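Please take a look at this protein chain. The report below goes through its charged pairs, sulfur links, aromatic rings and core.

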Amino acid sequence: MDSKQLRVFAALLVALPVLTVSAPVAAPKVQIALYYESYCGGCRDFIMNQFYPTFEKVGEIMDVTLVPYGNAEEYRSGSERTYTCQHGPKECVGNLIETCAMSLLKNVSVYFPFIHCLEVNIESGDPVSIGRECAQRQGIDFSPIDKCQNGPEGNSLEHQMALKTNALEPPHYYVPWVTLNGKHTDDIQNKAMFNLLRLVCGTYQGKKPSACSEEVHSRSRCYKKASLNNLN
């Protein structure tokens, strides 16, 4: 092939359409948000028997949000805010510990096991002692969490939890209150309470993890006072 033919061949190659093979786009994770309070029996049951076990099995396809506020009430007191919790002052402290843990530990794979441990054991003592024990088991320094929950940082962080909870649409009237990809319906709630693993796996649009197979059940709730009155 002479130089003229080579130039023609090169020109033809340039003119051909360029085919590129792009990397496959990963399916979006399933967003599961839980609005709850630390001493609510139904919330604890859901975390222990549904949410955390599902996270352990298929956490790689989940985007987890935990909002520990629930049926609390917030009041402005000078530059700070005070909180009244459905199950008493200990619950407010429990909520603060979990809120501070999330803010300080950052990684859901670190703070969710801590919160799970706290929820499993929280009724056996005061939340600060239980939180310290859970942190020690997992090699977490509890001092910054304790300082946070007992000071202005925790107060400010819990205000953010109040804002998130009060912004729910529709508004919550019991906890645990679950949203799926930002939405709450009775159908979503019932499916989450009955078998969260099935709900997450059924929603995920990518290749299903091998763990998408088991069933566990949990249906307890803690209603707001106004909602209880409406039921009577």
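## Salt bridges

Lys191 and Asp187 are joined by a salt bridge, with their closest N and O atoms 3.1 Å apart. A salt bridge here is a side-chain nitrogen of Lys or Arg within 4 Å of a carboxyl oxygen of Asp or Glu. Side chains of opposite charge can pair when their charged atoms come close. Both Lys191 and Asp187 sit in helix α8, four residues apart, about one turn of the helix. Helices (H or I, at least four residues) and strands (E, at least two) are DSSP runs, numbered from the N terminus. Lys191 is partly exposed, at 44% relative accessible area. Asp187 is partly exposed too, at 45%. Buried means under 20% relative accessible area, exposed means over 50%, and partly exposed lies in between (1.4 Å probe, protein chains only).

The whole structure holds four salt bridges. Another one pairs Arg44 with Glu123, with the closest N and O atoms 3.5 Å apart. This pair links distant parts of the chain, 79 residues apart: Arg44 is in helix α2 (residues 41-58), and Glu123 is in the loop between α4 (108-121) and α5 (127-137). Arg44 is buried, at 9%, whereas Glu123 is exposed, at 56%. Glu74 and Arg81 also meet in a salt bridge (3.7 Å, N to O). Glu74 is partly exposed, with a relative accessible area of 25%.

## How the model is read

This is a predicted model: local features need pLDDT of at least 70, side-chain atom pairs count only at pLDDT 80 or more, and totals for chains, interfaces and linings use all residues. Residues are numbered from 1 along each chain as its sequence is written, and side-chain values use heavy atoms, leaving out hydrogens and water.

## Disulfides

How many disulfides does the count come to? The count is four. A disulfide is a pair of cysteine sulfur atoms within 2.5 Å. One of them joins Cys85 to Cys92, S to S 2.1 Å. The torsion about its S-S bond is about 115°, so the disulfide of Cys85 and Cys92 is right-handed. Cys85 and Cys92 are both buried.

Cys100 and Cys148 form another disulfide, with sulfur atoms 2.1 Å apart. Their link is left-handed, with -75° about the S-S bond. This pair links distant parts of the chain: Cys100 is in helix α3 (residues 89-105) and Cys148 in helix α6 (residues 143-149), 48 residues apart. Cys100 is buried, at 0% relative accessibility, and Cys148 is buried, at 1%. Cys117 and Cys134 also form a disulfide, their sulfur atoms 2.1 Å apart. This link is left-handed, with -80° about the S-S bond. Cys117 lies in helix α4 and Cys134 in helix α5, so the pair ties together parts that are 17 residues apart in sequence. Both Cys117 and Cys134 are buried.

## Aromatic pairs

A pair of aromatic rings is described by the distance of the centres and the angle of the planes. Rings of Phe, Tyr and Trp (its six-membered ring) pair if their centres lie within 6.5 Å; planes under 30 degrees apart count as stacked, over 60 as edge-to-face and the rest as tilted. The whole structure has nine aromatic pairs. The ring centres of Tyr69 and Tyr83 are 6.2 Å apart and their planes are at 85°, so this pair is edge-to-face. Tyr69 is in the loop between β2 (62-68) and β3 (73-77) and Tyr83 is in strand β4 (residues 80-84), so the pair ties together parts 14 residues apart in sequence. Tyr69 is buried, at 2%. Tyr83 is buried as well, at 17%.

Tyr173 and Trp177 form an edge-to-face pair, 5.6 Å centre to centre with 70° between the planes. Tyr173 is partly exposed, at 36%, whereas Trp177 is buried, at 1%. One aromatic cluster is made of Phe46, Phe51, Tyr52, Phe55 and Phe112.

## The core and the whole chain

A nonpolar core is a set of buried Ala, Val, Leu, Ile, Met, Phe, Trp, Tyr and Cys residues joined through side-chain atoms within 4.5 Å. The largest one has 62 residues, and Ile32, Phe51, Leu66, Phe112 and Phe114 touch the most other members. Helix α8 (residues 186-203) gives the most to this core, with eight residues.

The protein chain has nine helices and seven strands. Of its 232 residues, 44% count as buried.
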